[in-house]
Amino acid sequence: MVMELRVTLIGCGTVGQGLLEILRDRGNEVDRRTGVRIRIVGVADMKMGSAESPGGLEPAQLLAAARTGSFAGLPGAERRRDALGLIREVDADAMAEATFTNLETGEPALSHVRAALTLGRSVVTTNKGPAALALGELRALAARNRAAFLFEGTVMSGTPVIGLVEHSLAGDRIQELRGILNGTTNFILTKMEAGGSYGEALAEAQRLGYAEANPAGDVEGHDAQGKVIILAAALMETNLTAAQVPCEGITRITPDAIARARAEGKRYKLVGVVRRTGNGVEASVGPQALPLDDPLAGISGVMNAINFRTDLLGSLTVVGPGAGRVETGFALLADLIEVGRRLAR
Ligand code: HSE
C-alpha cells in the first residue's frame with residue numbers, strides 16, 4: 001500500500017529545485033520502491049511567491065515556473081502569502097525547509113521550523129542554521145508534537161552521515177571525527193593544486209551551485225564550523241556555540257603554500273575536528289597539510305568525507321558528495337521517505 005505524504009516546500013532555490021527534479025524524473029519509481037508518495041501541496045519562496053493545491057502541484061510545472069522567477073499562474077498562486085502563512089494555512093504532513101542558511105540567527109528558517117513542528121508537522125531540512133543553533137530545542141519540540149525533525153542534508157548533502165551513525169552505529173561510541181565538510185573549499189583547493197586560480201575556482205563552485213548565497217561563509221570556514229557544531233550535537237551529545245569552535249578558512253592558503261606542502265608529500269585540506277577529551281568535547285575548523293596516506297588526503301573536488309574513530313569499529317571513513325543541486329535535493333527526499341515510513345507504522 002502506498003502512503004501519501006503531503007509536503008510543503010519552503011524555499012525553491014538550488015536545493016528545492018533539486019528535490020523537484022528528482023520527483024519529476026523518478027517520483028513514480030520512488031512510490032513503487034519505497035511505498036511513500038510525496039505530494040507537494042504548497043510551495044513558498046521569498047522571490048517567487050507561493051502556490052498551493054490540496055490535490056498536489058506538478059513538479060514539472062513548479063520547475064517551469066521557477067525558471068520564470070515567479071509562481072504566478074500556478075494553481076493557488078498567491079503573491080502576498082509568505083512562507084509562515086503557507087505553513088500555518090496549508091494542511092500538510094511535513095515541511096521541507098530549503099531556504100538559505102543564516103548561521104547567526106538561523107532565520108527565517110528557524111521560525112519556519114518552529115511553526116511547522118508546533119503544528120505537529122514533521123520537518124526535513126538542509127538548512128544548517130536551525131540545526132546548528134537550536135538542535136536540542138527543535139528535537140524536544142518535535143517530540144512534544146509527535147513529529148520528526150530530520151536534517152541529514154545539513155552535512156555532506158545526501159551522503160548518509162547522521163542516519164548512518166544513529167542507526168548503523170547505534171551502540172558504538174564516537175571518540176573523534178575529522179572531516180572535510182565543505183564542498184566549495186575542497187573544490188577550490190583541488191583546482192589550485194592543479195594550477196588553477198582561487199578566483200576562477202570559486203566562480204566555478206558558485207556556478208555549479210556548491211557555494212552558499214554568500215560564499216564568504218564557505219571560504220572563511222563558517223559553513224564547516226556550522227557542520228561541526230551540528231555533528232557535535234547530533235552525534236556526540238554536546239552543544240557548542242560558534243565562539244567555542246576556533247575557525248579559520250582557506251583564504252590565507254597561497255599557491256606557494258600548496259606547492260611547498262606538495263614537495264613535502266602533503267596536501268592542504270580544510271578539516272573540521274570534534275574530539276572527546278578528559279573535559280568533554282572540543283572542536284575546531286582549520287586548514288591542515290595532511291600526509292598523503294591520511295584517509296582525508298585523497299578526497300578531491302566537491303567530495304567530502306568524515307573519518308570516525310569509534311570504540312568498537314575503530315576507524316571508519318564515509319566518503320561522498322558534499323554539495324550540489326540533486327545531491328542535496330536527494331537528502332530531502334531520503335528524509336521525507338523516512339517521515340512517510342514512520343507515519344505509516
Ligand atoms: N556551501 C556548502 C558547501 C553547501 O560548499 O559544502 C553544502 O552545505
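The model is a predicted one. I'll take the pocket to begin with. The largest pocket holds about 1,000 Å³ of space. Its lining is made of 48 residues, and those nearest the centre are Gly13, Ala98, Thr99, Phe100 and Thr101. Sorted by class, the lining has 22 polar, 16 nonpolar and 10 charged residues.

Which helices and strands each supply at least two residues of that lining? They are helices H1 (14-34), H3 (83-89), H4 (109-118) and H10 (222-236), together with strands S2 (36-45) and S3 (49-52). H1 gives the largest share, at 3 residues.

Two of those elements, S2 and S3, also pair with each other. They run antiparallel, joined by 4 bridges, and a hairpin of 3 residues connects them. Asp45 sits opposite Gly49 in S3.

Now to strand S4, residues 94-97. Is S4 covered or open on its faces? Both faces are covered: Ala94 and Ala96 are buried on one side, Met95 and Glu97 on the other. The general point here is that side chains in a regular strand alternate between the two faces of the sheet.

S4 has parallel pairings with two strands. With S1, residues 3-10, the pairing is over 4 bridges, and Ile10 has Glu97 in S4 as its bridge partner. With S5, residues 122-125, there are also 4 bridges, and Ala94 is partnered by Ser122 in S5. Between S4 and S5 the chain passes through H4, in a β-α-β crossover that is right-handed. H4 is also one of the elements that supply at least two residues of the pocket lining.

Methods. Residues are numbered from 1 along each chain as its sequence is written. This is a predicted model: local features need pLDDT of at least 70, side-chain atom pairs count only at pLDDT 80 or more; totals for chains, interfaces and linings use all residues. Side-chain values use heavy atoms; hydrogens and water are left out. On a 1 Å grid over the protein atoms alone, a cavity is a set of points where a 1.4 Å probe fits but cannot get out, and a pocket is an open set with protein on both sides within 12 Å along at least five of seven lines; lining residues have an atom within 4 Å of a point. Grid points are joined across faces, edges and corners, and a volume is the space filled by probe spheres set on the points. Ala, Val, Leu, Ile, Met, Phe, Trp, Tyr, Cys and Pro count as nonpolar, Asp, Glu, Lys and Arg as charged, and the others, Gly among them, as polar. Two strands pair if DSSP finds at least two bridges between them. Buried means under 20% relative accessible area, exposed over 50%, partly exposed in between (1.4 Å probe, protein chains only). A crossover is right-handed if, with the strands pointing away from the viewer, the path from the first strand over the helix to the second runs clockwise.
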